[in-house]
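Biologist: Can you put the model up? I have some things to ask about it.

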Amino acid sequence: MDARSSASRTQAPARPVLEGPDIARMLTRIAHEIVERAKGADDVVLLGIPTRGVFLARRLAAKLEEITGRAIPVGSLDITMYRDDLRLGPARTLARTEIPTDGIEGRLVLLVDDVLFSGRTIRAALDALGDIGRPRAVQLAVLVDRGHRELPIRADYVGKNLPTSLREAVKVQLTEEDGRDAVLLGLRPDPSRPAPDVESPAAGSTAPAGER
């Protein structure tokens, strides 16, 4: 057995850095921050980036409704065909883009994703959004910002800033998709290989589980 095989066999499992109650508190805090900064969130539209960003957007919309007493439009924005790494890997399954009935023209669009990494997914989301309409402004909310940006993109609302190395992988689990709420931190399966541009998806999942 070579050293690499031995290391992979003894690699520690991913450890939880956030649990369900932590995630719930973060979403509540972000919702209050949105109301404060958006002066009541009257014209806010939430668009989640599939897969887990959509679930987070729906949870945020529910919390915003509790705070404001108004239903907040929520939808999803598929960025698959706008990614700059399509030619680098196997074909990706398209997700769904669902824009609320009143659209996004002149509205404050809040993009929602689970993990912010290099920023390339958000760049793709901005390109996709530009083909749909012209919002008044665009903001970004993420559950975890793990650093290592490759583009000048930052989140307006962050649940947790989580310093990481490129050898580490961040995995967000949500009840709607994974049966539990947690954020896991572990080593990539083969740290000797160059880090990929996207977090590994969950087994059987067709959408990225984290930010590029």
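Biologist: How many helices and strands are there in the protein?
Modeller: There are five helices and eight strands. Helices (H or I, at least four residues) and strands (E, at least two) are DSSP runs, numbered from the N terminus. This is a predicted model, where local features need pLDDT of at least 70 and side-chain atom pairs count only at pLDDT 80 or more, while totals for chains, interfaces and linings use all residues. Residues are numbered from 1 along each chain as its sequence is written, and side-chain values use heavy atoms, with hydrogens and water left out.

Biologist: In what order do the elements run from the N terminus on?
Modeller: The order is α-β-α-β-α-β-β-α-β-β-β-α-β.

Biologist: What share of the residues counts as buried?
Modeller: Of the 212 residues, 49% do. Buried means under 20% relative accessible area, exposed over 50%, and partly exposed in between, with a 1.4 Å probe and protein chains only.

Biologist: Now the helices. At what angle do the axes of H2 and H3 cross?
Modeller: At roughly 60°, and the axes come within 9 Å. H2 covers residues 20-37 and H3 residues 52-68. That angle makes H2 oblique to H3. Angles under 35 degrees count as roughly parallel, over 145 as roughly antiparallel, 65 to 115 as roughly perpendicular and the rest as oblique. The axes are lines fitted to C-alpha atoms, for helices over the stretch in contact, and angles run from 0 to 180 degrees between N-to-C directions.

Biologist: Which residues meet there?
Modeller: From H2, they include Ile23, Leu27 and Ile34, and from H3, Leu56, Leu60 and Ile67 are among them. Contact means heavy atoms within 4.5 Å. The residues of this contact divide into eleven nonpolar, three polar and two charged. Ala, Val, Leu, Ile, Met, Phe, Trp, Tyr, Cys and Pro count as nonpolar, Asp, Glu, Lys and Arg as charged, and the others, Gly among them, as polar.

Biologist: And Arg58, where does that lie?
Modeller: Arg58 lies in helix H3. Arg58 is partly exposed, with a relative accessible area of 46%. Arg58 and Val74 are 16 residues apart in sequence and 6.5 Å apart in space, C-alpha to C-alpha.

Biologist: Different topic. Is Gln173 buried or exposed?
Modeller: Gln173, found in strand E7 (residues 168-173), is buried, at a relative accessible area of 15%.

Biologist: What does Gln173 touch?
Modeller: Not counting residues up to four places away in sequence, Gln173 touches Ile23, Asp178, Arg180, Asp181, Ala182 and Leu184.
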